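Dear colleague,

My notes on it follow directly after.

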Amino acid sequence: MTNQNEQPIPGRKAMSKDGFWNLISEVKAAQGQEDYIDILITRLKELGPDHAQDFYDIVQV
């Protein structure tokens, strides 16, 4: 059985709760190497458009 936090958030195409918070943690951990916004943008581009849109939708709520 799959953890519910690994499933896409209801109403989202790709991003799970774990994925959202893991991305935030990853960006926070890398902070100091580059500007955190640049790191976040790079990671979202790597994850693809569905993740990027989901991230945007989540933070706008």
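Among contacts (heavy atoms within 4.5 Å) in the protein between residues at least 6 apart in sequence, 42% join residues at least 24 apart. This is a predicted model, in which local features need pLDDT of at least 70 and side-chain atom pairs count only at pLDDT 80 or more, while totals for chains, interfaces and linings use all residues. Residues are numbered from 1 along each chain as its sequence is written, and side-chain values use heavy atoms, with hydrogens and water left out.

The protein has three helices and zero strands, and its pattern along the sequence is α-α-α. Helices (H or I, at least four residues) and strands (E, at least two) are DSSP runs, numbered from the N terminus. Of the 61 residues, 23% count as buried. Here buried means under 20% relative accessible area, exposed means over 50%, and partly exposed lies in between (1.4 Å probe, protein chains only).

The helices in turn

The expected span of a helix is taken as 1.5 Å times one less than its number of residues. Phe 20, Leu 23, Val 27 and Ala 30 are the buried residues in helix 1. They cover an arc of only 105° around the axis, which puts them on the same side of helix 1; the arc is that of the directions from the helix axis to the C-beta atoms. Helix 2 and helix 3 are included in what covers these buried residues of helix 1. On the face of helix 1 turned away from its buried side are the exposed residues Trp 21, Asn 22, Lys 28 and Ala 29.

Helix 2 has twelve residues that should span 16 Å at 1.5 Å a residue, in agreement with the 16 Å between its end C-alpha atoms. Its buried residues are Ile 39, Leu 40 and Leu 44. Seen down the axis of helix 2, these fall within an arc of 130°, so they line one face of the helix. Their cover includes helix 1 and helix 3. The face of helix 2 turned away from the buried side carries Lys 45 and Glu 46, both exposed. Just after helix 2, Gly 48 adopts a positive phi of about 105°.

Helix 3, also described in the record of spans, has twelve residues and reaches 16 Å from its first C-alpha to its last, close to the 16 Å expected at 1.5 Å a residue. Asp 54, Phe 55 and Ile 58 are buried in helix 3. Its buried residues fall within an arc of 100° when seen down the axis, so they line one face of the helix. These residues pack against helix 1 and helix 2 (36-47). The exposed residues Pro 49 and Gln 60 sit on the face of helix 3 turned away from its buried side. Pro 49 counts as exposed at 67% relative accessibility.

Two packed helices are described by the angle between their axes and the distance between the axes. Axes are lines fitted to C-alpha atoms, for helices over the stretch in contact, and angles run from 0 to 180 degrees between N-to-C directions. Angles under 35 degrees count as roughly parallel, over 145 as roughly antiparallel, 65 to 115 as roughly perpendicular and the rest as oblique.

The axes of helix 1 (residues 17-30) and helix 3 (residues 49-60) come within 11 Å and cross at roughly 90°. Helix 1 and helix 3 are therefore roughly perpendicular to each other. Phe 20, Leu 23 and Ile 24 of helix 1 make this contact with Phe 55, Ile 58 and Val 59 of helix 3. By class, the contact has six nonpolar, no polar and no charged residues. Ala, Val, Leu, Ile, Met, Phe, Trp, Tyr, Cys and Pro count as nonpolar, Asp, Glu, Lys and Arg as charged, and the others, Gly among them, as polar.

For helix 2 and helix 3, the axes come within 6 Å and cross at roughly 130°. The two helices are therefore oblique to each other. Leu 40, Leu 44 and Leu 47 in helix 2 meet His 51, Ala 52 and Phe 55 in helix 3. The contact of helix 2 with helix 3 has five nonpolar, one polar and no charged residues.

The segment before helix 1

Arg 12 is found in the segment before helix 1 and is partly exposed, with a relative accessible area of 24%. Not counting residues up to four places away in sequence, Arg 12 touches Asp 54, Asp 57, Ile 58 and Val 61. Arg 12 and Asp 57 are 45 residues apart in sequence and 8.4 Å apart in space, C-alpha to C-alpha.

With kind regards
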